[in-house]
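Here is a short report on a ligand and the pocket around it. Look at the structure first, then read on.

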Amino acid sequence: MELYLNATSPYARVARIVLLEKGLADTVTLRWCDPWADDDGLLAVNPVGRIPALVTDDGTTLSESLLIAHYLDTLGGGEPVLPAARLGQTLHLAGLGQGLTDAAFTTIIARKHQGAEADASVLGQRRWRAIQRTLDRLEREVDARPIPAAVTLGEITVAVALDYLTFRLPEVDWPKERPQLTAWHARITEGESFRQTRFA
Ligand SMILES: N[C@@H](CCC(=O)N[C@@H](CS)C(=O)NCC(=O)O)C(=O)O
């Protein structure tokens, strides 16, 4: 298989962490690329031009990080990242994590293309409020839930979103006054799959 990615994409990092958690790292060639430079190799496999894109062994291209994670979960060994017994809770967390990443990522892209005033726009303000509300909800939710032995796609998605905020929007300062979420994040990210895929 081949995975098109870069080192700063939160979406690609989710796919990479799932690869590692499922013991599939050796079955995949990493194709580093710049999706913003209309990379020929990427466009040949994914006309949408976004990463991550996974080319499977039969030559099929999968896009969208959560769909790629779903596919990878059917391969490889180890515990499922989408455990049937906790599917609802896992998908709930994955949705919050993906939404948080979407709001943060769109903020960065809007700043890049429209300048700092993008933050003051109606959409910029909506994104900011979405980030704050989601962080506050996570702070209330994660404390009561025991952390399972194996990390799920929900936890991966939320933890990567928090790391992305630290990386790209440090001014959000998400750990401030969120002690439960801070402790939860530290425990979730202590594994090798998170260490090997740090944003750079
Ligand atoms: N919903 C997609 C988002 C993927 C995405 O937006 N990737 C960014 C990099 S972080 C990208 O490739 N952007 C290039 C573009 O939009 O042209 C997913 O979950 O995979």
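A polar contact is a pair of N or O atoms within 3.5 Å; within protein, one must be able to donate a hydrogen and the other to accept it, and residues adjacent in sequence count only if both atoms are side-chain atoms. The model is predicted: local features need pLDDT of at least 70, side-chain atom pairs count only at pLDDT 80 or more, and totals for chains, interfaces and linings use all residues. Residues are numbered from 1 along each chain as its sequence is written, and side-chain values use heavy atoms, with hydrogens and water left out.

| Protein side | Ligand atom | Distance |
|---|---|---|
| I51, backbone N or O atom | nitrogen | 2.8 Å |
| S65, polar side-chain atom | oxygen | 2.7 Å |
| Q98, side-chain N or O atom | oxygen | 2.9 Å |

On its own, the ligand has 520 Å² of accessible area (Shrake-Rupley method, 1.4 Å probe). The protein covers 86% of that area.

The ligand is surrounded by 13 residues (a heavy atom within 4 Å). S9, I51, E64, S65 and Q98 are the closest. Seven shell residues are nonpolar, four are polar and two are charged. In these classes, Ala, Val, Leu, Ile, Met, Phe, Trp, Tyr, Cys and Pro count as nonpolar, Asp, Glu, Lys and Arg as charged, and the others, Gly among them, as polar.

The peptide bond from I51 to P52 is cis, with omega near 0°. P52 lies in the loop between helix 2 (40-45) and strand 3 (53-55). Helices (H or I, at least four residues) and strands (E, at least two) are DSSP runs, numbered from the N terminus. E64 is not a glycine, yet has a positive phi of about 75°. Its loop runs between strand 4 (61-63) and helix 3 (65-73).

Now the pocket. The ligand takes the space of the largest pocket. A pocket is an open set of points on a 1 Å grid over the protein atoms alone, where a 1.4 Å probe fits, with protein on both sides within 12 Å along at least five of seven lines; lining residues have an atom within 4 Å of a point. A molecule sits in a pocket if more than half of its atoms lie within 2 Å of its grid points.

The lining of the largest pocket has 24 residues, and S9, Y11, W36, I51 and F105 lie nearest the centre. Helix 4 gives the most to this lining, with six residues. Eleven lining residues are nonpolar, eight polar and five charged.
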